[in-house]
Amino acid sequence: MRIALFCTSREWHQYFKTGFALSQERIGPIQVDYFMSESCFWRAVQETRYELMIICSPLRYRANWGRFLTSMARLWLEMGKNSACQVWDFDGKIIALKEEEIYYLFSVQKEVSVYDKDQSYRIGTNMKQEEERLPSASFFRIHRNCLVNLTHVKQMQENSLILRNGVTLSVSSRRKKQVKERLLLFWGSERAEKISKKGKEKEGK
């Protein structure tokens, strides 16, 4: 999850840093850009894709930590339900894919293509732009030329990831440890969400 936070209080910046660090244990990696300048904040949200934007007016009291963590977890689940659609306009074609339809992005000689389950599409951007654009909660860079949607990873084997459609992707040696840790964290949060959904379904019966 990538968040933009605007607040004029340095003390509250520190407070949010602590809260987000605690939240990562429950919902997964969080990347936060902090702003004290209003102009810098609005410029950033126009140039970068954020899953969440927070404009905070400092209160006289601190919020309850339990309420903070519960609110973050609820936001995370709601955002997961409303998966965004990504659109690319390149070479006279408009490509639109829901984020869950994207399996991975791959760059060959600086030409980037996005892959769904069955085919690929040239999109005419670069990997850095796409890494910033797509949600870090589910998309992870496994190689300088490859960004993968962790939702579709079935298995990690040595220096490779095997996707649910049978495609095998190479993991760079430098990123191998990071990829393994990120996958374990992602699979853990995904399992917790499924358990939560089953519990709610039982309550509704």
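1. Let's start with R122, which is partly exposed in this predicted model, its relative accessible area being 37%. R122 forms a salt bridge with E111, and their closest N and O atoms are 3.6 Å apart. The two sit in separate strands, E111 in β7 (residues 111-115) and R122 in β8 (residues 120-122), so the pair links distant parts of the chain, 11 residues apart. E111 also counts as partly exposed, at 42% relative accessibility.

2. A search of the whole structure finds five salt bridges. Another of them joins R2 and D33, with 3.1 Å between the closest N and O atoms. Because R2 belongs to strand β1 (residues 2-6) and D33 to strand β2 (residues 31-35), this pair ties together parts 31 residues apart in sequence. Both R2 and D33 are buried.

3. K128 counts as exposed at 52% relative accessibility, while E132 is partly exposed at 31%.

4. Where does V167 sit? You will find V167 in the loop between β12 (160-163) and β13 (168-170). V167 is partly exposed, with a relative accessible area of 25%. Leaving aside residues up to four places away in sequence, V167 touches Y104, L161 and I162.

5. For the overall picture, the protein has five helices and 13 strands. Of its 205 residues, 40% are buried. The protein exposes about 12800 Å², with carbon and sulfur atoms supplying 48% of that area.

Definitions and conventions
Residues numbered from 1 in each chain as written. Predicted model: local features only at pLDDT ≥ 70, side-chain atom pairs only at ≥ 80, totals over all residues. Heavy atoms only, no water. Helix = DSSP H or I, 4+ residues; strand = E, 2+ residues; numbered from the N terminus. Buried < 20%, exposed > 50% of the residue type's maximum accessible area, 1.4 Å probe, protein only. Contact = heavy atoms within 4.5 Å. Areas by Shrake-Rupley, 256 points an atom, 1.4 Å probe, with all protein chains shown as cover. Salt bridge = Lys/Arg side-chain N within 4 Å of Asp/Glu carboxyl O.
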